[in-house]
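Welcome! Here is a short tour for a first look at the side chains and how they meet. Please keep the sequence and the 3D view at hand while you read.

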Amino acid sequence: MFCDVYCLRPGQTQHVHTHAGATKFYYVIEGEGRFTVGDRNERLGPGAVAWSEPDEPHGVANESDADLVLLVAMAPNPNR
């Protein structure tokens with residue numbers, strides 16, 4: 001398993017991508033972001049979760065003027 005805290009500054013993005021065989025989630029700790037998961041695209045704030053199944057396209061953009069802080073986890077760990 002991979003687990004980390006990401007901070008996206010205003011205007012930063014994690015472009016839409018996939019992970020072969022891995023499930024990933026983003027939990028919003030602080031701020032708001034625009035999350036793409038599969039064909040869904042929605043703005044989420046604190047306490048919300050964006051969940052992607054294995055091989056499902058996903059990404060996030062901070063379109064606000066404040067930091068976006070996320071808890072991110074993925075299993076299995078892509079670096080193993």
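A salt bridge is a side-chain nitrogen of Lys or Arg within 4 Å of a carboxyl oxygen of Asp or Glu. Arg43 and Glu32 form such a bridge, with their closest N and O atoms 3.6 Å apart. Please bear in mind that this is a predicted model. It holds five salt bridges, two aromatic pairs and zero disulfides.

**Salt bridges in a network**

- Arg34 counts as partly exposed at 26% relative accessibility, and Glu63 counts as partly exposed at 48%.

- Asp67 and Arg9 form another salt bridge through their side chains, at 2.9 Å from N to O.
- Asp67 lies in the loop between strand 7 (58-61) and strand 8 (68-75), and Arg9 in the loop between strand 1 (2-8) and strand 2 (13-17), so their bridge ties together parts that are 58 residues apart in sequence.
- Asp67 is partly exposed, with a relative accessible area of 26%; Arg9, at 49% relative accessibility, counts as partly exposed too.

**Cysteines without a disulfide**

- The structure has zero disulfides, and Cys3 is in none: its nearest cysteine sulfur, that of Cys7, is 16 Å away.
- Cys3 counts as exposed at 51% relative accessibility, whereas Cys7 counts as partly exposed at 42%.

**A nonpolar patch on the surface**

- Val5, Tyr27, Ile29, Val49 and Trp51 form a nonpolar patch on the surface, and together they have about 450 Å² of accessible area.
- Which elements give two or more residues to this patch? They are strand 3 and strand 6 (49-52).
- Val49 is found in strand 6 and counts as partly exposed at 45% relative accessibility.

**Aromatic pairs**

- A pair of aromatic rings is described by the distance of the centres and the angle of the planes.
- One of the two aromatic pairs is formed by Phe25 and Trp51, which are stacked at 5.9 Å centre to centre with 5° between the planes.
- Phe25 lies in strand 3 and Trp51 in strand 6, so this pair ties together parts that are 26 residues apart in sequence.
- Trp51 is also a member of the nonpolar patch, and its relative accessible area of 43% makes it partly exposed.

Note on methods. Residues are numbered from 1 along each chain as its sequence is written. This is a predicted model: local features need pLDDT of at least 70, side-chain atom pairs count only at pLDDT 80 or more; totals for chains, interfaces and linings use all residues. Side-chain values use heavy atoms; hydrogens and water are left out. Helices (H or I, at least four residues) and strands (E, at least two) are DSSP runs, numbered from the N terminus. Buried means under 20% relative accessible area, exposed over 50%, partly exposed in between (1.4 Å probe, protein chains only). A disulfide is a pair of cysteine sulfur atoms within 2.5 Å. Patches are made of residues with over 30% relative accessible area and no salt bridge: like charges are joined within 9 Å, nonpolar side chains (Val, Leu, Ile, Met, Phe, Trp, Tyr) within 5 Å. Accessible areas come from the Shrake-Rupley method with a 1.4 Å probe; for residues, only the protein chains shown count as cover. Rings of Phe, Tyr and Trp (its six-membered ring) pair if their centres lie within 6.5 Å; planes under 30 degrees apart count as stacked, over 60 as edge-to-face and the rest as tilted.
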